[in-house]
Amino acid sequence: MDIDWHALRGRSTADLIRDRASWEQAAAGVLFEGSELHQLTAYGALAWDGRDGVPAGPAHQWLGANLLCNAAPTAFEVAGQPAASIDSFLHALKFPEGSPERLACAMAPARVAREQARRSRGSQFTFGGQDILVDSPDHQALVAEAISAKVRQHDEVRRALADTGVARLTFPRAHGQRPG
């Protein structure tokens with residue numbers, strides 16, 4: 001399959017995620033090139049977020065690379081919807097669009113948002129008046145759009161991302177020694 005890489009570079013992240021089936025196999029090792037792996041951890045900052053008596057040092061604060069964590073308190077707005085963090089935004093989607101519960105969850109710290117939404121599950125949600133199936137390409141595109149908004153709206157997050165260089169960023173699906 002011939003890929004017009006220049007055309008891909010001009011497309012939004014959300015569109016690339018939504019349409020990835022058309023280029024995913026051919027893109028292996030091209031768009032995400034890099035041999036060095038850096039595990040980014042935010043466990044210390046997560047443990048102390050919103051609590052008194054935070055120990056000194058960067059391991060317990062939202063600084064540097066751990067600002068890339070979905071739970072980092074980096075408020076942003078996507079499609080006119082405010083959120084305190086990526087995690088807060090994602091948990092808020094479990095509540096009806098336009099409801100006070102959705103807004104409260106979106107503006108809560110990540111750990112509070114998780115607690116608020118823990119009993120809310122469904123196979124779809126509504127965003128921007130559109131019904132979206134959970135784990136669908138449209139859902140993944142919305143997540144990409146939210147992350148892109150966070151990066152665009154925070155200089156320190158852009159610096160942290162740039163500091164990763166050519167490292168391939170991974171997300172551990174379960175806590176363990178090896179990233180997922």
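**View 1. The cysteines, with a count of 0 disulfides.** A disulfide here is a pair of cysteine sulfur atoms within 2.5 Å, and the count by that rule comes to 0. Take a look at Cys69, which is partly exposed at a relative accessible area of 23%. Cys105, by contrast, counts as buried, with 0% relative accessibility. (Buried means under 20% relative accessible area, exposed means over 50%, and partly exposed falls in between, using a 1.4 Å probe and protein chains only.)

A quick word on the model before moving on. It's a predicted one, where local features need pLDDT of at least 70 and side-chain atom pairs count only at pLDDT 80 or more, while totals for chains, interfaces and linings use all residues. Residues are numbered from 1 along each chain as its sequence is written, and side-chain values use heavy atoms, with hydrogens and water left out.

**View 2. A salt bridge between Arg118 and Glu115.** The rule asks for a side-chain nitrogen of Lys or Arg within 4 Å of a carboxyl oxygen of Asp or Glu, and it gives 2 salt bridges. In this one, the closest N and O atoms of Arg118 and Glu115 are 2.9 Å apart. Arg118 is partly exposed at 43% relative accessibility, and Glu115 is partly exposed too, at 47%.

View 3. An α-helix has 3.6 residues a turn, so residues three or four places apart point the same way. Asp155 is partly exposed at 44%, and so is Arg158 at 34%.

**View 4. The buried side of helix H7.** Helices are DSSP runs of H or I with at least four residues, strands are runs of E with at least two, and both are numbered from the N terminus. In H7 (residues 110-117), look for the buried Ala110, Ala113 and Ala117. They cover an arc of only 60° around the axis, which puts them on the same side of H7; the arc is that of the directions from the helix axis to the C-beta atoms. The buried residues of H7 pack against helix H5 (86-92) and helix H6 (100-107), where contact means heavy atoms within 4.5 Å.

**View 5. The hairpin of S3 and S4.** Strands S3 (residues 124-127) and S4 (residues 130-133) pair in the antiparallel sense over 4 bridges; pairing takes at least two bridges found by DSSP. Phe125 stands opposite Ile132 in S4. The hairpin has 2 residues between its strands, and Gly128 takes a positive phi near 60°.
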